[in-house]
Amino acid sequence: EAQRSLLLSSAVRFPPLEGARLSYGTAGFRTDASLLRSTVFRAGILAALRALKTRSVIGLVITASHNKVSDNGVKIADPTGEMLSQDWEPFADSLAAAPSPDHLLKGIIEFAEFEKIEFDGRKVEVLIGRDTRPSGQSLLEAAKLGIGSIIGAVAVDVGILTTPQLHWMVRASNCSTQASEFDYFEQLSRSFRCLMDLILGGSESNEGNDKVVVDGANGVGGEKLLVLKEMLNLKDLEIEVRNSGREGGVLNEGVGADFVQKEKVVPSGFGPQDVGIRCASLDGDADRLVYFTAPSSSSKIELVDGDKILSLFAVFIKEELSILNKEPDASTGDDYQCRIGVVQTAYANGASTDYLKRLGLEVFFTPTGVKYLHQKATQYDIGIYFEANGHGTILFSEPFLRWLDAKNNELSSVAKGSEQQKAALRLLAVSKLINPAVGDALSGMLLVEAILRHKGWSIHRWSELYHDLPSKQLKVKVVDRTAVVTANAETEVVKPPSIQEAINAETGTFAAYDTCCLKAKYPQGRCFIRPSGTEDVIRVYAEASTQDAADSLANSVAKLVD
Ligand code: NG1
Ligand code: ZN
């Protein structure tokens, strides 16, 4: 009874949205910030219920990532730091859509009964983090009230954080006592220094390569990177941060990883003075990372995207594993069949997939959205996943890490200081450096920097791993994006039925007997469409052997959608 009246009294303060119906999409609820208060309040309730159900610390993140500064969003992190379990998403949608406080209350009671959630007053915590958006403060208050309206749930404001920091803290809170932001920085800097100590001896000279300039998207990432830099106190790597937000630029406007990856031009604040220098760009909440170099003449940058970061990680891990398994004299006999898997989406450049398969790796495709990639990656001993846009990480299975630890212990008595033991130590350091909860631009960047140093590679050498097929992305505004339904990791449209045929005809995917006499319309052409999970648009992706062909394929398919 007390629970009912508490809920009703706060719910009346957050009237539901008229008209706009939000759904818990690729990355939670996202829309114009002015429309979000009621949804964030309800997301607070959802997070509190999730905490009661799991009896664990849950996270609530207020961010709209790479979207414009006037947007905002809210998503929930589960006890492991992963995205909210998908079986709760329909409930999230119905909470957000409840037309009145009474409906809201009824929905909550029914769901709580169904999920056997007990309101026994035992204390559970929800950590709330937010990005630098000005709307964050008022949405934070709404989230707190939502959480506070569930008896037993306690809101903990952990301040302005990168999205991956919050996910990391939730995970850490549930398995250790060291779960503060300081502990996050400590862990990253300790494991990075450890990795650097293990590679410095063997690396070639790195002259001219000891600097990286980072675009912080005028968001939270630049500021946090400056803190990390202080803690790292590096002598052999200079990190310069631009667009940290201190200079007054607008979040994600002409800056940031999404802009750089989609437009393929330098972010503002970068220019001819940076030719030849390794540059990186974070997105607004620092869960995406891309690298690039500034062009000397043309306006297009050399882009090193998520696919190439994935490829670099895969090359490195594969090499370390083979060093670890290949020294017969020091071998301790107990081999472990380590399954490495790579997870991509349809947006992965075709050239990257070819390259990864040539390396002998198993490549798996999931729909867009890290919740799908992450889940698949957990099925391997070492699962490496990345979206082309730069969101990704590496997951290590518990059994593999236990084996690696034991192997390292054995090697330290029979082959101390050998390359084989160093390989074990390097892999262990990587597992501590990389964020196990979610893609993290800061930890990802440190790993890239360590691997480049280890291999003595410039960004150009890295970029030459393979050549991207030219590609083009467009978005088409539509009234109802849910009218398009896809299958096969989004590579095929199943509804409306005629569209896929039209796309095939446009791409030149003919029946086999045609190919001897007809030239394919677009050599190496590939094109797919899908509804965005974060915007009211249908996205079109095309790739082909030339930029003109990719542009024209994307344009003609976009016309089919309109
Ligand atoms: P949508 O709007 O569903 O395409 C975008 C990205 C996703 C993911 C989410 C979350 C592309 C093509 N899509 O999703 O990969 O990062 O935003 O931020 O980049
Ligand atoms: Zn992001």
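**View 1. The annotated binding site in the predicted model.** The UniProt annotation "binding site", from an unreviewed entry, covers Ser65, Asp283, Asp285 and Asp287. These residues are spread over 223 residues of sequence, yet they cluster in space, with a largest C-alpha distance of 8.1 Å. UniProt positions follow the numbering used here, feature names are shortened, and annotations may be inferred rather than shown by experiment. This is a predicted model: local features need pLDDT of at least 70, side-chain atom pairs count only at pLDDT 80 or more, and totals for chains, interfaces and linings use all residues. Residues are numbered from 1 along each chain as its sequence is written, while chains are lettered from A and ligands numbered from 1 in the order in which they are written.

View 2. Serine 65 sits in the loop between strand 2 (58-62) and strand 3 (71-77). Helices (H or I, at least four residues) and strands (E, at least two) are DSSP runs, numbered from the N terminus. Serine 65 is buried, because 28 other C-beta atoms lie within 10 Å. The cut-offs are 20 or more other C-beta atoms within 10 Å for buried, 12 or fewer for exposed, and in between for partly exposed, with C-beta atoms placed from the backbone. Beyond four places in sequence, serine 65 is in contact with Ala27, Asp283, Gly284 and Asp285. Contact means that the C-beta atoms of two residues, placed from the backbone, lie within 7 Å.

**View 3. Aspartate 285 and its contacts.** Aspartate 285 belongs to the loop between strand 8 (278-282) and strand 9 (289-293). With 34 other C-beta atoms within 10 Å, aspartate 285 is buried. Not counting residues up to four places away in sequence, aspartate 285 touches Thr63, Ser65, Asp131, Thr162, Thr163, Gly219 and Val220.

View 4. Arginine 55 is not a glycine, although its phi is positive, about 50°. This residue lies in the loop between helix 2 (37-54) and strand 2. Arginine 55 is exposed, with 11 other C-beta atoms within 10 Å. Alanine 217 also is not a glycine and has a positive phi, about 60°. Its loop runs between strand 6 (211-215) and helix 8 (220-232). Alanine 217 is buried, because 35 other C-beta atoms lie within 10 Å. Lysine 495 and proline 496 are joined by a cis peptide bond, with omega about -10°. Proline 496 falls in the loop between strand 17 (492-495) and helix 17 (497-507).

**View 5. Helix 7 against helix 8.** Helix 7 (residues 181-199) and helix 8 pack at about 50°, with their axes 10 Å apart. Phe185, Leu188, Ser189 and Phe192 of helix 7 make the contact with Val227, Leu228, Met231 and Leu232 of helix 8. Axes are lines fitted to C-alpha atoms, for helices over the stretch in contact, and angles run from 0 to 180 degrees between N-to-C directions.

**View 6. Residues 511-515 and model confidence.** Over residues 511-515, pLDDT stays under 50, and the model has 2 contacts beyond four places in sequence for them. pLDDT is the predictor's confidence in each residue, from 0 to 100. Where pLDDT is low, the predicted coordinates should not be read in detail. The chain averages a pLDDT of 93, and 94% of the residues score at least 70. For the complex, the predictor gives an ipTM of 0.97 and a pTM of 0.95.
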